[in-house]
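Trainee: Could we go through this one together? I would like to know what stands behind each label.
Mentor: Gladly, let us have it in view.

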Amino acid sequence: MSGIERAYRGIARPLIFRMDAERAHEVTLRALAVAGRLGPARVAAAGLFNRHRRPVRVAGIEFPGIVGLAGGLDKNGVAARMWGSLGFGFAELGTVTSQAQPGNPQPRLWRLAQSRAVINRMGFNNLGAAALARTLAAAGVRRGNNALGIPVGVSIGKTKITPLEHAVDDYLTSFRLLADRADYVAVNVSSPNTPGLRSLQDKESLTDLLTALTAEAITIDKSGPVPIFVKIAPDLSESALDEVLEVCGSTGVQGLIATNTTLSRDGIGPADLELAAEAGGLSGAPLTRRARQVVAHLAARTDLPIIGVGGIESAADARAMLDAGARLLQVLTGFIYHGPGLIDRINQEVSL
Ligand SMILES: Cc1cc2nc3c(=O)[nH]c(=O)nc-3n(C[C@H](O)[C@H](O)[C@H](O)COP(=O)(O)O)c2cc1C
């Protein structure tokens, strides 16, 4: 175990885990936001965590490292300046929606420590797409300008109060606000915590949504439209995955992100069974195998690049996800349990 990993496990994690999960999340993000505003803190962190990244080019974007921050941890981009310094090769901010919204009532986030998992039903609590655009503008971020030292993805979803039949307009509103501030836009149609959202993965709805967004990307920038990635659920059947691929192939989408959290409760340890009854999406170790299966299924059938995400908590998991066919990786729950040392270790031990 490296010094960074020991320090996280022995000092930082016990302090963080003493707090309720959402409070811990807020405190940590706030600390990272402050550190991000202090140049020296950023530089110091970069010296510690940023040593082993390997560049790769995917969908026309230069990624300095293959491990990114998954969507949902920094919804409003408050710590956007810090993720590169912590060793991430890219950061996906959001999910944001066209209108600011509070999300579901608390409590809505639980750690299942024995299972190294998290259940969340946050419900896209966010300040809205316009606020994220302002935050990125204040940080000097424009598509392709590498202002943060790493590519920035922005994830967009549907505002809860927008009826499903108006979903396309809702996504378009966010897209127009953010397209020139993001190196890629992730279309989130797979959160289990917004009623009906996952039905946007159905063939007809997905075709309408992606046709509109890819056309808008061209309207905004004819010579180099922003790449659009689609984030999908691990709970889709094989035939539903094949339909998603068909739609992505026919609409000019540039990549897939697999997977979001699962509704399944398989793989939960006995000590966590009570918490497992909470409604919401499950992430972390119980998701590792299913996310990898989905990536393998997709990779065998498409040339589109895939970002593999779900239960990556070791260099071996990262390697296995790449072997399944992923070109890039994302981590969220593993970062909560293992801290930045995990990102450093993957960067160090996993070559392409
Ligand atoms: C607290 C929490 C919030 C999340 N919010 C989002 C989100 O807003 N948008 C999104 O696309 N995925 C969201 N996710 C899903 C993660 O991006 C990721 O796909 C999933 O957790 C599996 O990866 P992991 O096992 O490394 O956490 C969230 C996950 C967690 C645990």
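**Labels and their cut-offs**

Mentor: Ser191 has its place in the loop between S8 and H6. Helices (H or I, at least four residues) and strands (E, at least two) are DSSP runs, numbered from the N terminus. This is a predicted model, in which local features need pLDDT of at least 70 and side-chain atom pairs count only at pLDDT 80 or more, while totals for chains, interfaces and linings use all residues. Residues are numbered from 1 along each chain as its sequence is written, and side-chain values use heavy atoms, with hydrogens and water left out.

Trainee: Why is Ser191 called buried?

Mentor: Its relative accessible area is 7%, and buried means under 20%, exposed over 50%, partly exposed in between (1.4 Å probe, protein chains only). Ser191 is therefore buried. UniProt lists Ser191 for "active site" in an unreviewed entry; such annotations may be inferred rather than shown by experiment.

Trainee: Is Thr259 buried or exposed, and how do you know?

Mentor: Thr259 has 2% relative accessibility, so it counts as buried. Thr259 lies in the loop between S10 and H8, and the UniProt "binding site" annotation (unreviewed entry) includes Thr259.

Trainee: What makes Leu263 partly exposed?

Mentor: Leu263 is in the loop between strand S10 (255–258) and helix H8 (273–276). With a relative accessible area of 48%, Leu263 is therefore partly exposed.

Trainee: And why is Asp202 called partly exposed?

Mentor: Asp202 has a relative accessible area of 44%, so that label applies. Asp202 is found in the loop between strand S8 (184–188) and helix H6 (203–220).
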